[in-house]
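Please look over the structure shown here before reading the notes that follow.

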Amino acid sequence: MKFHVMTLFPEMVEQGLHTSILGRAMDAGIISVNTVNIRDYSEDKHRHVDDYPYGGGAGMVMAAEPIAKCYEAITGTSLPAGENGGDGVSENEAQAVASKRTRVVYLTPWGRVFNQDMAKEFAAEEELIFLCGHYEGVDERILEEIVTDYVSIGDYVLSGGELPAMVMIDAIARMVPGVLTNEESGETESFMNGLLEYPQYTRPETWNGKAVPEVLLSGHHAKIAEWRMQRSIDRTVQYRPELMDGVELDKKSAKYYKELLASRKKEEE
Ligand code: ADE
């Protein structure tokens, strides 16, 4: 799978992603990350990419033209000619998918909040383009022209789109076949049943006076699986109770969950 990132800080994205599991996948040629510096497409002799906002106000706005040129260089296509040629109506996500146009993700706090299901969906694409904004924003007209998906990584404001793009690429790449080893994908699957991960322990057996839970030393696989499932349920109920709504539990786990809720209720009384 190919990721293109339109950014003013290509080194940040390259260095951030070329490590660990993603670095391995890049070296193996399973994924590639092509960072493109928007500044290289400035037609200004000082290489400016931003300008003052019409209507006044603080900060600068990234101009449409360098981004348009950058997009054209990545896709090898020309944008429709706007006023005199194009229909002025931007394609939405579904149309982009239907027309096989490469989807363009713009990272913004007002986008749809990213989650594991979206990561899975994006991983089915052969190619994705990310547009990282900076300053006070990006000229709306280029967004209307090229963006198919507006995505946020959470309800807080960051200084630019690079970190969100990196977060998304990491989560998406992990869903691409061949990126994770069998063992690694098994672990992801177990999280993807909708529950939070169970606690993990490694050597030594006793640390700082705390022993590893007995059952994990037993070698009894079924008992260990049951213990882990119950701890996952405990954790989800404690930290993210709203996730429990979308979880399907087997009979034994459902019974455990019911009892857990009953005992928590009793404690509250
Ligand atoms: N750009 C700035 N803040 C962001 C956020 N929370 N998510 C995505 N893009 C952003």
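Domain bounds here come from an automatic or database domain assignment, and for the protein chain that assignment gives domain 1 (2-182) and domain 2 (206-268). Taken over C-alpha atoms, the centres of domain 1 and domain 2 are separated by 40 Å. This is a predicted model, in which local features need pLDDT of at least 70 and side-chain atom pairs count only at pLDDT 80 or more, while totals for chains, interfaces and linings use all residues. Residues are numbered from 1 along each chain as its sequence is written, and side-chain values use heavy atoms, with hydrogens and water left out.

**Surroundings of the ligand**

**Polar contacts and burial**

- A polar contact is a pair of N or O atoms within 3.5 Å, and a backbone N or O atom of Ile-153 lies 3.0 Å from a nitrogen atom of the ligand.
- For Gly-154, a backbone N or O atom is 3.1 Å from a ligand nitrogen atom, and for Leu-158 a polar backbone atom is 2.9 Å from a nitrogen atom of the ligand.
- Taken alone, the ligand exposes 260 Å², of which the protein buries 96%, with accessible areas computed by the Shrake-Rupley method with a 1.4 Å probe.

**Backbone details**

- Most residues other than glycine have a negative phi, and most peptide bonds are trans.
- Arg-47, which is not a glycine, has a positive phi of about 60 degrees, and its place is in the loop between β2 (32-37) and β3 (50-51).
- A cis peptide bond with omega of about 5 degrees joins Arg-203 and Pro-204, and Pro-204 lies in the loop between α9 (182-191) and β8 (206-207).

Notes:
A polar contact is a pair of N or O atoms within 3.5 Å; within protein, one must be able to donate a hydrogen and the other to accept it, and residues adjacent in sequence count only if both atoms are side-chain atoms. Helices (H or I, at least four residues) and strands (E, at least two) are DSSP runs, numbered from the N terminus.
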